Amino acid sequence: IKCLIYLASQYMNLTDKVAVCSRSFSKNSVLRADLLEKYKNVTFNDAGEKLCGESLIEFLRGHDKAITGLERIDESILKELPELKVIGKYGVGLDMIDFMAMRKYKKRLGWVGGVNRRSVSELVISFAVVMLRHVPIAQHEVQVGIWIQHMGGLLSGRTVGIIGCGFIGKDLVQLLQPWDCTILANDILDFPEFYTNYGVIPVGIEELLQRSDIVTLHVPIDDSTRNILSEERLGLMKQTAILINIARGGLIDEIALKKMLLEKRIAAAASDVFAIEPPEDKELLSLPNFLATPHIGGSAEEVILAMGRAAISGLNENAIPD
């Protein structure tokens, strides 16, 4: 029976038509080769188009399966694609997938959570260190001929507040162990065994903001988290605190954040994600106590391959979302 199931799956792989929407997947020679070993009829996004709305529908039309990344998959897309049966998700965020629409049209989803955890958690630590040591402004000053030895501070011994203790939050906790930090965590779920094992202190979000030297966000974007760091909540942070967002744009009130950085009501902030990407607020981007990167949290070679292979596996190993 197992042999028959395997042969049937291999036959399906030969006949199924697969569309790869993701531009970065399409450009990756290793992932292309891995996918083409399993599927013969593949359409890659070789034009490098940002697919959405009608262009996304036209790209997906006529395909049985798809690999998507940052493309928004909702009812307006799925209702036009009765032949599409499976989506393999490239990347760990699911905020671009409308689960209700997936269930309504009986579409199956293949997804693996936390594949990029180490890439993101390492970037959080690097952001914390470079902002504590004033690296961005120091580099700029050296480039223009100014030689000032800025007095910074250590990450070691600081209080780090983690908002969202899922895959990435837990990985960050483990990476912080040698730094001898006090670690505070806020999450809608409780992880008592994990917290005990790693000395994490669960607290409310307001207490976390008031006590932390470093605040880092690791929650998805939805109606419950949008603008979770409002102007009022940002006002609870220490004047010496640093804010880091490598999760999703829209979690922070960017206008209020700019005001607080300008008035030095918090020391610094670093963001890899923005409500609008690329970001349009040039004043915020030019601040000496603000560091911006272009959504590179998961952009490590090892992670790209892991996410891509998870998406390929998801074309066969999938289910209708709960």
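Guide: A salt bridge is a side-chain nitrogen of Lys or Arg within 4 Å of a carboxyl oxygen of Asp or Glu. Side chains of opposite charge can pair when their charged atoms come close. This is a predicted model, where local features need pLDDT of at least 70, side-chain atom pairs count only at pLDDT 80 or more, and totals for chains, interfaces and linings use all residues. Residues are numbered from 1 along each chain as its sequence is written, and side-chain values use heavy atoms, leaving out hydrogens and water.

Visitor: How many salt bridges does the structure hold?

Guide: There are 14. In one of them, K65 pairs with D16, with the closest N and O atoms 3.2 Å apart. K65 lies in strand β3 (residues 65-68) and D16 in the loop between α1 (2-15) and β1 (17-20), so the pair ties together parts 49 residues apart in sequence. Helices (H or I, at least four residues) and strands (E, at least two) are DSSP runs, numbered from the N terminus.

Visitor: Is K65 buried or exposed?

Guide: Buried means under 20% relative accessible area, exposed over 50%, and partly exposed in between (1.4 Å probe, protein chains only). K65 is buried at 8%, and D16 is buried at 6%.

Visitor: Which residue forms a salt bridge with E207?

Guide: R211 does, the closest N and O atoms being 2.8 Å apart. Both lie in helix α11 (residues 205-211), 4 residues apart, about one turn of the helix. E207 counts as partly exposed at 35%, as does R211 at 34%.
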